[in-house]
Amino acid sequence: MSERKIITRMAPSPTGKFHVGSARTALFSYLFAKKHGGEFILRIEDTDKERSKPEFEENIIDSFSWLGLKYDHFYRQSERTEIYKEHIQKLLDSGNAYISKEEATEGKRGEVIRFKNPNIKIKFNDIILGEIEVDTTDLGDFVIAKDVDTPLYHLTVVVDDGLMEVSHIIRAQEHIANTPRQILIMEALGFTRPLYAHIPLVLAPDKTKLSKRHGATALLDFKDMGYFKEAVINFLAFIGWNPGTEKELFTMEELIHEFSLEKVQKGGGVFNIEKLDWFNKQYLLGKSKEEIILGIKHFAEVPEDILDRAWPTLIERIHKFSDLKNENLTFYNSLPSYETRDLIWKNSDEYQTKNYLKDLISILEKANFESVESVKSSVFDYAEEKGRGDVLWPMRFALSGLSKSPDPFTLAYIFGKIETIKRLEAAYKKISEIVS
RNA sequence: GGCCCUAUCGUCUAACGGUUAGGACAUCACGUUUUCAAUGUGAGAAUCGGGGUUCGAUUCCCCGUAGGGUCACCA
């Protein structure tokens, strides 16, 4: 359609932590540019001196770098005041804007610069939504700057998109209402009109726009919770877009290759954290031992020496590393404390259990602890003979002290012979006390 | 309220006029299992309502209804 070089941009304002919804917008913008061999711009919209904060700009930059969204150009609007000044003057000179005397009230100045609204109908063709027509009369003569040195959003956006030759404005649907007035300014300034693609909103479970009041919404919170960036990207890409095939797992490269604005949904999509967890689990399963151990160490305290054997078990029941915090893992570090009676399986009794424990100790003293399987094979015949639950439950309980835990063979393998025997002996001693 | 947008399982979605309306997440059941988890198999679950157009509408049009966005000297 357009023969212009493809240039997209993400233009966040540093007035809060970078949001997952914004991250999704940035991702789409990035994917589209890269798919077409174009450029992607990150532009910090910090004209509001009161609300803009350096730490939020830093948060935006960190967010981009975590996700691996590399931008080809970086701008900061606060450094472009002269440029805006020129254009405001141009508008003033051409009669498209004027200095307006206002009633100076609290927080408002007595003089602002307003755009002279021609009161026409503006029609634009949104790539996702189709044709949209709005009568700009309702907009009135809107304010574009407080004074020549203090430009406001609509003016700066138009000037920058024009000067930076942005070809496709890909932004959230909440900006639809802004589009007509920006087109008005754009035409007054003589810039080439870009193409628009307003992408659907990311919604909270209550179907309203996702915001701070809906729990974790800052992108980097997800990093802190131990989610993988691949999972977050994959998940975010699937809110409002899908490839039309049944493939669900996509790398960034594959997304770049497959992405198209035509397949973007019109309506908003709920941020379904359970699906994110599922994506994360898929990526977790594909991670290297080193990466996994690193993640585990970050969120849980498990003795270094058993990690080498315990890691596959530790990630079995989690979706993301922070889930480890909800697991009871203290038994890995020290001898578990438990009620002696809990050692006894269903219909078994303390006398039998005591004997099982004793036999288990002698069997395991001769056992091979090379693998889970070798432990299992040494114990299993005995367990079969006496009753699986009767033998295996006390063995597992002696090792973990928990009614829910990994199986006894795995536990024994993780702990090794010495620690395993030690725990079984402790259990034997406990049960001996109530038997005698 | 004005303006604008949207509408398929609970959720993310497929279908580009003709399908037993497909998949995924979640849920449930069953199998496996000493427990939990994992895993395997299977099940339930949707076209907002009403009119058209058409031989035929999830699909196209209109009207309702519902939901959302936006109405700053913020971005």
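**Exercises on a predicted protein–RNA model**

Sorted by class, the surface near RNA strand B comprises 18 nonpolar, 17 polar and 23 charged residues, where Ala, Val, Leu, Ile, Met, Phe, Trp, Tyr, Cys and Pro count as nonpolar, Asp, Glu, Lys and Arg as charged, and the others, Gly among them, as polar. The model is predicted, so that local features need pLDDT of at least 70 and side-chain atom pairs count only at pLDDT 80 or more, while totals for chains, interfaces and linings use all residues. Residues are numbered from 1 along each chain as its sequence is written, and chains are lettered from A and ligands numbered from 1 in the order in which they are written.

**Exercise 1.** Determine which residues come nearest to RNA strand B, and which element gives the largest share of the surface near RNA strand B.

*Solution.* A residue is near a strand if its C-beta atom, placed from the backbone, lies within 6 Å of it. Of the 58 residues around RNA strand B, those that come nearest are Ser 13, Glu 45, Tyr 153, Gly 267 and Asp 407. Two or more residues each are given by strands E7 (130-135), E8 (143-147) and E13 (269-270) and by helices H9 (273-285) and H15 (388-400); helices (H or I, at least four residues) and strands (E, at least two) are DSSP runs, numbered from the N terminus. The largest share, five residues, comes from H15.

**Exercise 2.** Describe how helix H13 and helix H16 pack.

*Solution.* Two packed helices are described by the angle between their axes and the distance between the axes. Axes are lines fitted to C-alpha atoms, for helices over the stretch in contact, and angles run from 0 to 180 degrees between N-to-C directions. For H13 (residues 350-365) and H16 (residues 408-435) the angle is about 150°, and the axes are 9 Å apart. Angles under 35 degrees count as roughly parallel, over 145 as roughly antiparallel, 65 to 115 as roughly perpendicular and the rest as oblique; H13 and H16 are therefore roughly antiparallel to each other. By class, their contact (C-beta atoms, placed from the backbone, within 7 Å) has 13 nonpolar, three polar and six charged residues.
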